[in-house]
Structure formats: C-alpha cells, structure tokens
Amino acid sequence: MKMLEISAIKDLLSTPKHIVITTHHKPDGDALGSSLGLYNYLVQKGHYVRVIAPTDYPMFLHWLPNNPNVIIYTENLAESQKLVADADFIFCLDFNWLSRINELGDYVRESKAVKVMIDHHLEPEGFDDYRHWSINACATAQLVYDFIVNIMNEREFLNKDVATCLYTGIMTDSGSFRFPNTTAEVHRIVADLITCGAENSKIHQLVYDNSSENRLRFLGHCLLNKLEILTEYNTAFITVNEKELQEFNLGTGDTEGVVNYALSINGIKLAALIVERPDKVKLSLRSTGDFPANEICKKFFNGGGHRNAAGGASDDSLNEVILKFKSILPEYKTLLVQ
Ligand code: 5GP
Ligand code: MN
C-alpha cells in the first residue's frame, strides 16, 4: 500500500470533519493522554470528535481534561460501531496493529474513513493511509505535539487542556523522564507544555499519588511474598493468581507499575509480572540496556512492545506460563549476564 505524506492532512482537515480517535486495549497514560490531547486540539478547530477506548482504563486517568467524552467500546457497541462507520477520519494512536484494539479493529478496517496512525511502536501492520511514526519518540504524545506544532503549524492551539494531556502521556511513557529516549528535545517539548499551562507538579500527584489503600497493600504483598529472584539470570519476577486479585479487590490499572519494583533491584536486567486474569495469563516484561524484552513477548507469548517494556498473554495455566518463562532464560543467558 502506498503511504501518503502526512503533511497533506493539513488541507484535508481545513473544514470540519467527523473524526474518531482510538487507542489500544487497556489504555495507559500515553494512550489516553495522546488521544485526549489530540481531541482537545481538534475540537478547537470545529471538528466533530469522539474518542473510543477499546476497554476501560485506570481511575488515575479519569481526571484528564474532557475524559467524559471518551466512549468505552465494550460498554457502547452500537454507538461505537456507528461512529467508526460514519467517520471521515480515524486517528489510531499509540498502537500499530488493529489486533491491539480487539474486535473494534474489524470495524476500523472496514470503515471508509481515512486512517491516520500516530505511534512509536516497532513494525507497523500497514492498515493506515497516513502515518506519523517514529520508534525514537519516547511517547505517542510527543508525536502528537510534533503533529500539532510542526505538521499542522498550529502551536497557538496548545491550550491548557492539550498541554495537560500531552504532558501526562510523555511523563508516563518516559518513566517520569528517565528512560533513555528522554532526549533534550523531549525536555524542550515538556518545557513548552508547561509554558502552555500544564501544571507539572499537580499532574504527577494526580497520576502517581492516587493509589487506593488496597493497591498499596497489594504492592506490599507482592514485594514481600511473591517476588522471586533468579540470580543466575539476573532476572526477577512476581506472579499473581486470580485469588489474590480478588482478595485485594483490585481495579483496572492497579497492577500497573508493580513490575518496575522488580527491575529496580541492583543487577537485575529482566523483570516480569505474571498475572492470572479470568480469561488468560498476562505478562508484563521490563528490561535494562540492550535486552530485548519485546522479542521474548513476541516469540513466546503472542505479544510485543518496546525493547525495554513489552507485554504478552497466554491461554496456558499460570503454572505453565511460569515454567515456560523460566525455561526461556537459558537461551538468553549470555545477554542476561554480560
Ligand atoms: P504493559 O506491560 O504495561 O502491559 O505493556 C508494556 C508495553 O508492551 C506496552 O506499551 C505495549 O507496547 C506492549 N504490549 C503489552 N501487551 C502487549 C500485547 O499483548 N501485544 C503487543 N504487541 N504489545 C503489547
Ligand atoms: Mn506509548
């Protein structure tokens, strides 16, 4: 398929259009931040815009400006399907395979809308007509900033709402500005977002100091009782079964970030969180340096992601997944111990 030059979008968006913005399954801070950032920009230009999330998402993102305008696909099937079918444009943010938006992907594929992908993941599927894509971007929100400021040439539309959403996306996907792709340019963008009204300190508090008591006690349980360290492989992992999820009465997003504690142990190169969900076992992998966490997810767990942050899932039992995860490590020993 011939990819079209993204700059041509400027003319196409010069009159009001019906626009759907969608993002990946279980949206995180970057997925929602980039989607609502783009939403808050496009509505200022008179477009009719809806954000459709394939599934629900954590409470700590519900404060984002204009969050009530997000439709959750699984709770509004007919309305979502009609919006997708009738759209002039569909913006696909923070994912690049339609399988990442579940059943909604079939409707997006069939829709006659112009499809624009803005994303920073490896190996796009190629369902899009236009793309603004770079694997060097630390967040999709960074690419949305670039789209508004440098492709649309409309920095004047970066109001407080847009800036707040994009700041949230960059903050969460860059691990609070500490991952290696947090370049000087990213800091310049973030500074500009603060100039445009993003209240950085308040946003950090809203996202990171917003735990329920249960979540904190669950974290304590994981660290004290569930953390296993495989010294031989510089690997640490935490497993959580369905009973524990129920006992702590966890909500969507409550397991997010837990894997990072395992990675924070001195010398650990690979960390995993393996969670038994009602329908499947979900894995979250994190790594340091050159270790390809995404390769493990892609090869063994039907997933993918970035080199240092990846995920996947399995229909096997929790125990089988744990055994499989451990059995993969010898193959990667050289990389893990170097
Ligand atoms: P998390 O561990 O936070 O669920 O996911 C980390 C990253 O891995 C996400 O940003 C996403 O890029 C990727 N990821 C997670 N789950 C999947 C999956 O099932 N498939 C693919 N392709 N990528 C995933
Ligand atoms: Mn992202």
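**Exercise 1.** Determine in which sense strand 1 and strand 2 pair, and over how many bridges.

Solution. In this predicted model, strand 1 covers residues 18-23 and strand 2 covers residues 48-53. The two strands pair in the parallel sense, over five bridges. As an example of a bridge, threonine 22 has isoleucine 52 of strand 2 as its partner.

**Exercise 2.** State the strand order of the sheet and explain why strand 3 and strand 6 each have one side without a neighbour.

Solution. First, the order of the six strands is 3-2-1-4-5-6, in an open sheet with parallel pairing. Next, strand 3 (70-72) and strand 6 (130-133) are at the edges and have a single partner strand each, so one side of each lacks a neighbour in the sheet.

**Exercise 3.** Classify the packing of helix 2 against helix 5 as roughly parallel or roughly antiparallel.

Solution. Step one: helix 2 (residues 29-42) and helix 5 pack at about 20 degrees, and their axes are 8 Å apart. Step two: angles under 35 degrees count as roughly parallel, and the two helices are therefore roughly parallel to each other. Step three: the crossing is right-handed. Step four: helix 2 contributes Asp30, Ser34, Leu38 and Tyr41 to the contact, while helix 5 contributes Thr140, Ala141, Val144, Phe147 and Ile148. By class, this contact has six nonpolar, two polar and one charged residues.

Key. Residues are numbered from 1 along each chain as its sequence is written. Chains are lettered from A and ligands numbered from 1 in the order in which they are written. This is a predicted model: local features need pLDDT of at least 70, side-chain atom pairs count only at pLDDT 80 or more; totals for chains, interfaces and linings use all residues. Side-chain values use heavy atoms; hydrogens and water are left out. Two strands pair if DSSP finds at least two bridges between them. Helices (H or I, at least four residues) and strands (E, at least two) are DSSP runs, numbered from the N terminus. Axes are lines fitted to C-alpha atoms, for helices over the stretch in contact, and angles run from 0 to 180 degrees between N-to-C directions. Angles under 35 degrees count as roughly parallel, over 145 as roughly antiparallel, 65 to 115 as roughly perpendicular and the rest as oblique. A crossing is left-handed if the near helix is turned anticlockwise from the far one by less than a right angle, and right-handed if clockwise. Contact means heavy atoms within 4.5 Å. Ala, Val, Leu, Ile, Met, Phe, Trp, Tyr, Cys and Pro count as nonpolar, Asp, Glu, Lys and Arg as charged, and the others, Gly among them, as polar.
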